[in-house]
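Hi there,

Here is the structure I promised to pass on. Have a look at it first, and then read on for my notes.

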Amino acid sequence: MKRRDFLKAGAALAVAAPAAALAADAPAAKSKVVVVRNGEPEALFRKGVDALGGITAFVKPGQKVVVKPNIGWDRAPEFAANTHPGLVGEIVRQCVAAGAARVEVFDHTCSAWSRCYRNSGIAAAVEAAGGKMAEAHDKDDYREVACPKAVNMKTALIHRAILEADVFINVPILKNHGGAKMTACLKNFMGLVWDRQYMHRHNLTQCIADAALYRKPDLNVLDAYRVMQTNGPQGVGLSDVRTLRYQILSTDIVAADTLATKLLRFPLETVPHIHRAALLGLGTDEEARMEIVRLEA
Amino acid sequence: MARSRLWRTLRVVRLLLAALALAATTLAFGYAADLVALLAHWWEGAPLPEETEGLVVVAQANLGPALMAVAARLSLFGLGAAAAILAATAFLGRAYCSIVCPLGIVQDVLGMLCFWRGNRPQPRLFLLRKGLGVAVWAAALVGGWTIGLRFLDPFTVFGSIAAGAWLPLLLIALLTLWRRRFFCNSLCPVGALLACGSAMAPLGLRLTDKCVKCGKCVRVCPAGCIDPKTATLDNGRCVRCLNCAAVCPVGAIAYGRNPGFRVPGRREALRAGALVAGGAALGLAARAVKPLYPAYGPRTRTAKEGIYPPGAGSRQRFLTKCTDCRLCVTHCIGHVIRPAGTFGAVHLAFDEGMCEFYCNRCAEVCPTGALLPLDLKTKQRTRLGRAEIDLAICVAGTEGFECGACAEHCPTGALRMKEDAEGIRVPTLNHDLCIGCGSCEYPCPTRPIKAVRVWPVDVQTLAADPAEVFKAVEPEPAASDEWLI
C-alpha cells in the first residue's frame with residue numbers, strides 16, 4: 001500500500017467511525033410505547049404485552065429471567081407504595097409459561113425486607129406463580145461493576161440476579177417522590193444498587209440516570225393502576241392515592257418515564273433525571289420520537 | 001431394694017424436658033425465625049420465614065419476668081404464670097429450676113465440663129441466700145431499682161448470653177466449675193423465692209433410714225444440698241434434678257411428707273417483713289443516687305443512650321422497669337434497639353436502621369412490662385425523640401443537590417422537601433408530626449455527622465395524627481374518557 005492510500009484510508013476511517021457510532025446511537029425507528037388503561041393490572045399487562053409481540057418476544061425457553069418490582073416499603077398493596085402484587089404475579093406466570101428456566105424477583109428494600117416482601121403481597125403472588133423471591137438485604141449478593149460512561153457513579157455494587165439474568169423485566173410503580181420528585185422506571189434502578197447513600201450524596205438525579213446504564217431492561221412495565229400523587233414514596237394514608245387504572249409498557253425506559261409525568265401532571269422539566277438519562281443515550285424524552293399506542297383493556 | 005427404675009426414668013424425663021425448654025427459650029430470642037429461614041433455604045422453594053412469634057410466651061413465662069410484669073403493669077399472664085410456678089412448688093419443690101429456668105439448665109450443661117470430679121456439699125449460707133433474694137426483689141419491685149435484677153435474675157442473665165454476651169457466660173461457667181449451682185442457691189433471687197416455698201412445702205424429698213451413707217448421692221448433687229454426715233436433704237436448696245434418687249444403690253431417697261413442713265412463725269414473718277422493708281428502702285435510696293442515672297439534657301446526647309423503645313412511657317419509668325433481658329434487642333426488626341450499658345437502659349441507635357413504622361414487636365415481646373403493649377396505631381404516633389435538621393451540613397445546603405433521603409423515609413410526613421429562597425429543595429420539619437423513629441437519621445448520607453439527628457425526649461407523648469394533617473389534597477376526578485397521555 002502506498003503511503004498516500006494509507007493516509008486516505010486512515011482519514012476515511014477517522015470520519016466514518018464516529019459517524020457509524022452516531023448512526024448506531026440515534027434510534028432508527030421511533031420508540032414504541034404502549035399505554036393501556038381501564039382494566040385490572042393483570043388484564044392491562046396481557047393487553048399491553050400482546051401489542052409488543054407477546055411475552056415470547058422477550059422470554060425464550062431456558063432463559064433466566066429477573067423481574068424487578070418496587071417492594072421498597074412495608075405497606076399493604078392499597079397504599080400504592082409497592083408494585084401491584086397481581087401484576088408481578090401475572091408477569092412471572094407468563095415468563096414461566098414461556099419456558100423460562102428460572103424467574104427471580106427481588107428489591108433492595110428500604111423498610112425491613114422480610115416485612116416488605118410479605119406485606120406487599122408480592123412474595124405470595126410470586127411463589128404462587130412459580131417464581132422465586134431472591135434476597136437482597138446482604139452485601140454479599142452484590143457484585144462490583146464498572147461503567148465508564150456514567151457521569152457520577154462510575155462503579156457500583158449491582159445485585160447478582162440482574163447480572164446473571166438473560167432477561168430483565170423492570171416493573172416499577174408510579175409515585176410522587178420526596179427526593180427525586182417522581183419514581184418510575186428509572187428511579188426503580190436504585191433497588192439494584194447496594195449503596196444508595198452514595199447516590200444521595202453525589203447528585204441524586206445524575207446518579208439515577210447513571211444507574212440505568214448498568215443494565216438495559218428488556219422490558220419496562222410501569223404500574224399506574226393506583227398512583228400515589230402526594231407524600232411519596234411511602235405515602236401517609238389512602239388520601240395520597242388515586243386509582244387511575246393505567247399501565248405503560250415500553251422497551252425505551254426514558255420514553256416510558258417521560259409519558260408517566262403526564263399521569264402525575266408534572267411538567268417534564270421538574271423531573272430532571274429523565275432528561276439526564278436521555279442525554280446518556282438511554283432513550284428519548286421527546287414525544288415526537290415516540291410511537292404511542294393507546295389501548296383499552 | 002436396689003437402684004430405682006422409676007427414679008431413673010423420671011430423671012431421663014427431666015433431662016428431656018430441660019433440653020426442650022432450653023431449646024425453646026433460646027429460639028424465643030428471635031432465633032426461631034432464623035432457623036425457619038435456614039430450613040426454608042435448604043428445602044428450596046419453601047415460603048418465607050413464617051410467624052414464629054408465639055414462641056416468645058416461653059420466655060414470658062419465666063418467674064422473674066412474670067413477677068416484674070405483674071408489678072409493672074398488672075399483667076394477667078404474668079400473674080397466672082407466677083401463681084402456677086409458686087403453687088407447683090408445694091409438691092414439686094424447685095423443679096422449675098431444673099426444668100424451666102434457662103440459666104439453671106445452662107449450668108447443668110456447663111457442669112458436664114467437670115465430669116472427672118464429683119460435687120461437694122455446699123454451705124447453707126441461709127442469710128445471704130434469703131436475705132439477698134428478698135432484698136433484691138423488694139428493691140426491684142417496690143423500690144423500682146432494677147439493676148439488682150439485671151445482674152442476678154436468671155432469665156435476664158440468660159438473655160444477655162442468648163443475645164451474644166460472653167462475659168456473663170464466662171462468670172457463670174467459672175461459678176459452675178467451682179461449685180455447680182452455687183448461683184442458684186446463694187445469689188439467685190428467683191431461687192431464693194422458690195427456696196422459701198420448697199423448704200416449707202408439705203411434700204418433699206428426704207433420706208430414709210435405709211441410707212448406708214455411701215455418699216454417692218452427694219457426688220452427683222449439683223445443689224450440694226445433701227449432708228452426708230447427718231444423712232439429711234435440704235429441700236430449700238434441692239432443685240429436683242433427681243440425680244441422687246437415680247444413683248442411690250439402696251433406694252433411700254423417698255418422696256413424701258417434707259420434714260421441714262411448718263407454718264412460718266411470728267419471728268420469721270417479722271424477719272421477712274424487715275427484709276422487704278429494707279430492700280424497698282435500698283431501692284428507693286439507689287434511685288436517689290444521681291450518678292447511677294446521669295441526666296441527659298434534650299440537646300446533649302453525650303451518652304449514647306436517651307432514646308427508649310416505644311411503650312417505655314418515660315425515661316424515669318423505663319429505668320425502673322427494664323432489666324436488660326434483651327428479648328426486644330434480638331427481636332428488633334430494624335436493629336435499632338441496643339442492650340443497656342452497665343448502669344443505663346436498653347436504648348435506640350439509628351446508625352444501622354430505623355424503628356420500623358409498622359412494627360410494634362418490642363412492646364409485644366417485653367416480658368417484664370417495662371414496655372407497655374401498644375397497639376400499632378398508638379405506636380405509630382408515639383414520640384420516642386425529636387428530629388432536628390442541620391442545614392449547614394445537609395447535602396442540599398452544602399452541595400446544592402437535591403438529596404431527599406430523609407424525606408422519602410419519613411413515614412409520618414413530618415419531614416418534607418420544600419424549596420428554599422434559592423429554589424433548592426431542602427428538608428423541612430413539621431415537629432408536630434415527628435415521632436423520632438430515626439427514619440431520617442438512618443439514611444442521611446452526610447459523614448461523619450448526620451445532618452438529621454434524633455434527640456431524646458424525657459416523656460413519650462403522642463404526636464399529631466397524619467391522617468388529620470394530610471386531608472385529601474384533591475378529590476378523585478370524575479371518570480373521564482379523555483386520555484391523560
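**Two domains in chain B**

The C-alpha centres of domain 1 and domain 2 of chain B lie 39 Å apart. Please keep in mind that this is a predicted model. Domain 1 of chain B covers residues 5-257, and domain 2 of chain B covers 315-469.

The two domains do touch: 24 residues of domain 1 of chain B are in contact with 19 residues of domain 2 of chain B. On the domain 1 side, at least two residues each come from helix 1 (5-42), helix 2 (56-60), helix 3 (63-73), helix 8 (147-152) and helix 9 (154-162) of chain B. Helix 3 of chain B gives the most to that side, with five residues. By residue type, the domain 1 side that touches domain 2 of chain B divides into 12 nonpolar, nine polar and three charged residues.

**Chain B as a whole**

If you trace chain B from end to end, you will pass 22 helices and 10 strands. The C-alpha trace of chain B spans about 100 × 55 × 40 Å along its principal axes. Of the 485 residues in chain B, 48% are buried. I also looked at contacts in chain B between residues at least 6 apart in sequence: 74% of these join residues at least 24 apart.

**Where chain B meets chain A**

Here, 34 residues of chain B are in contact with 36 residues of chain A. On the chain B side, the elements that give two or more residues are helix 21 (405-409), strand 8 (415-419) and helix 22 (466-469) of chain B. Helix 21 of chain B has the largest share of that side, four residues. The side of chain B that touches chain A is made up of 23 nonpolar, five polar and six charged residues.

**Some strands in chain A**

Over in chain A, strand 2 (residues 64-69) and strand 3 (residues 102-105) run parallel and are joined by four bridges. To find the pairing on screen, look for Val65(A), which stands opposite Val103(A) in strand 3 of chain A. Between strand 2 and strand 3 of chain A the chain passes through helix 3 (residues 85-97) of chain A, and this β-α-β crossover is right-handed.

Strand 3 of chain A also pairs in the parallel sense with strand 4 (residues 132-133) of chain A, over two bridges. There, Glu104(A) stands opposite Lys132(A) in strand 4 of chain A.

Best wishes

Definitions and conventions
Residues numbered from 1 in each chain as written. Chains lettered and ligands numbered in written order. Predicted model: local features only at pLDDT ≥ 70, side-chain atom pairs only at ≥ 80, totals over all residues. Contact = placed C-beta atoms within 7 Å. Nonpolar A, V, L, I, M, F, W, Y, C, P; charged D, E, K, R; others polar. Pairing = 2+ DSSP bridges. Right-handed = clockwise from strand over helix to strand, strands pointing away. Buried ≥ 20, exposed ≤ 12 C-beta atoms within 10 Å, placed from the backbone. Domains from an automatic or database assignment.
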